[in-house]
Amino acid sequence: KAVRPQIFAKFSTAAEPSSKQPSPLRVPNLIGGAFVDSRSSTSIDVINPATQEVVSQVPLTTNEEFKAAVSAAKQAFPSWRNTPITTRQRIMFKLQELIRRDIDKLAINITTEQGKTLKDAHGDVFRGLEVVEHACGMATLQMGEYVPNVSNGIDTYSIREPLGVCAGICPFNFPAMIPLWMFPVAVACGNTFVLKPSEKDPGTHMYDYRLGKHITMHAGDIYSGNIYGFHFLGEWTTNHSDYLCFSHEGASIMLAELAMEAGLPNGVLNIVHGTNDIVNAICDDEDIRAISFVGSNTAGMHIYARGSAAGKRVQSNMGAKNHGIVLPDASIDATLNALVAAGFGAAGQRCMALSTVVFVGDSKSLEDKLVERAKALKVNAGTEPDADLGPVISKQAKERICRLIQSGVESGARLLLDGRNIVVPGYEHGNFIGPTILTDVTADMECYKEEIFGPVLLCMRADSLEEAINIVNKNKYGNGASIFTSSGIAARKFHTEIEAGQVGINVPIPVPLPFFSFTGSKASFAGDLNFYGKAGVNFYTQIKTITQQWKDLPGGSGVSLAMPTSQ
Ligand code: NAD
């Protein structure tokens, strides 16, 4: 049986000074089926937000390499689009099986780079996996329409064809789910793809120094080699935290490996890393036909404008401020649990986090109970089994969140629970913020107008459901909104009048499953066709309509130049 050298256990401890770590891995690009290091000399450190260890370095891919990725996707397109849809579906079937096989490994790698708890990281993978499952039925989803005999002996039918090369630009907060919202649907439709993961959690790869190449390992693999410059002989395990040190293979790279293992041909999926320059290159590139973007409004509106100006389809899912309205007749226990889970889960770094509660009527006792429950949450590194919420992504994010909390206090909000000074034993340098609750918040405060994207719950008050709906509708964002009530009449009024794209009734995070679509609205979405579901298939396909006639045409009846009409 394989032996595990001590050195790895040693390097995995959080307290280990970073100077003793082997030099960090550079995240490779994936171009034409090969994982290749960028020639760029500029890279950004990817930092474990719980420990501040440098997990890896992400290169700012050169323009030449970007062009090579697009060219690989362009070359792969003709044969991929002609690959039978049943074959494309079978690759999706295999991909979903492989994601299930490696879900533990994917989750631990997400936690290492992104910080969320392992349980939450599983959810991240699982919600993406469901999109892959849906893409397994692409033949039915992509089906066209047929009307026989639209005119005498003439039939018309329409088919949904792939567009060509499509691109995806991802945020940091769901390193598995969001790439999986994009490329499985795109490639199952017959497109080829260039993915740009977030530079904050781009996904690393294991590199064998002896072989001089990147390697892939799966749970149960026996490996003898030279990872990180140290000889390693052992069995790969995903369920032991001691081995975190060499499991720095993040979600997007792993998913691409799995897709290739599932049978995706070289060049169908490519990955390039970088920041603004590479994003602008995607917007401007003549061979890219469509862009899927998920992230902040600043980047999203820029990409929507620049990509559209260059003639591309763009779907842009952006920021949010989701409200939960609580009526006095709501089931108290269930509602409080829902508010705590949806406000503080993933440390508030979800675009569908419920970040604002509007209590209708007296809220004092509910706020007290909310504080009690929020206080009981355990803030810890995501790898610790008792963690309810992990750190936020970066020092800068922590500073911004703390500044917005302070601005709320200075403009008159009351701090019911302050998580800013939390210290997590063993992870003193982590970017932790404990659950924070501000009340007496009003619509003119900066903390209300801005998306905080941290574990901060704002409480507001309204005298009636009417007034509460008004508050929500005046907010510029429209990603999601929920109501907590036992009245069907109130719920119906709410879902009819509320201006948000994803509505929950006693459901705090109403993110639709992939047979529907992710339907944010107002400032939370730009574009016409939403992510996944039927709209997602429509986004990645264009309609061609064919009119055919197979009959002997009458000979000597002459030529008519009049507009043909159906007879
Ligand atoms: P971000 O906008 O900073 O980054 C997203 C991507 O855009 C990254 O790949 C980044 O490299 C690129 N980018 C950033 N600034 C850019 C610029 N000026 N020019 C060109 N490219 C740029 O977002 P983030 O911080 O990674 O993610 C958090 C945001 O994403 C939040 O606003 C959250 O609400 C939003 N989000 C929305 C959804 C949704 O479905 N609506 C889902 C997840 C996250």
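The shell around the ligand in this predicted model comprises 15 nonpolar, nine polar and four charged residues, where Ala, Val, Leu, Ile, Met, Phe, Trp, Tyr, Cys and Pro count as nonpolar, Asp, Glu, Lys and Arg as charged, and the others, Gly among them, as polar. Local features require pLDDT of at least 70 and side-chain atom pairs count only at pLDDT 80 or more, whereas totals for chains, interfaces and linings use all residues. Residues are numbered from 1 along each chain as its sequence is written, and side-chain values use heavy atoms, with hydrogens and water left out.

**Ligand surroundings**

- Around the ligand there are 28 residues, each with a heavy atom within 4 Å of it; Cys170, Glu199, Ser296, Met318 and Glu451 come nearest.
- The side chain of Glu451 places an N or O atom 2.6 Å from an oxygen atom of the ligand, a polar contact (a pair of N or O atoms within 3.5 Å).
- For the side chain of Lys196, the corresponding distance from an N or O atom to a ligand oxygen atom is 2.8 Å.
- Phe172 contributes through its backbone, with an N or O atom 3.0 Å from an oxygen atom of the ligand.
- The protein buries 89% of the 850 Å² that the ligand exposes when taken alone, as calculated by the Shrake-Rupley method with a 1.4 Å probe.
- Two or more shell residues come from each of α7 (177–188), α9 (276–284), β15 (288–294) and α10 (297–309); helices (H or I, at least four residues) and strands (E, at least two) are DSSP runs, numbered from the N terminus.

**The largest pocket**

- A pocket is an open set of points on a 1 Å grid over the protein atoms alone, with protein on both sides within 12 Å along at least five of seven lines; a molecule sits in it if more than half of its atoms lie within 2 Å of its grid points.
- The largest pocket holds about 1000 Å³ of space, a volume being the space filled by probe spheres set on the points.
- Its lining has 41 residues, each with an atom within 4 Å of a point; Phe172, Lys200, Gly295, Ser296 and Ala299 are the closest to its centre.
- Elements giving two or more residues to this lining are α9, β15, α10 and α13 (395–410), and α10 supplies the largest share, five residues.
- By class, the lining of the largest pocket contains 18 nonpolar, 15 polar and eight charged residues.

**Enclosed cavities**

- There are six cavities of 30 Å³ or more, a cavity being a set of grid points where a 1.4 Å probe fits but cannot get out.
- The largest cavity contains about 80 Å³ of space.
- Among the 13 residues lining the largest cavity, Ala320, Gly348, Ser355, Glu451 and Phe453 lie nearest its centre.
- This lining divides into six nonpolar, four polar and three charged residues.

**Backbone angles**

- Phe453, in the loop between α14 (446–449) and β21 (456–462), has a positive phi near 55 degrees although it is not glycine.
- Asn506, also a residue other than glycine, has a positive phi near 60 degrees and lies in the loop between β24 (502–505) and β25 (521–522).

Methods: Polar contact = N/O pair within 3.5 Å; in protein donor to acceptor, adjacent residues only side chain to side chain.
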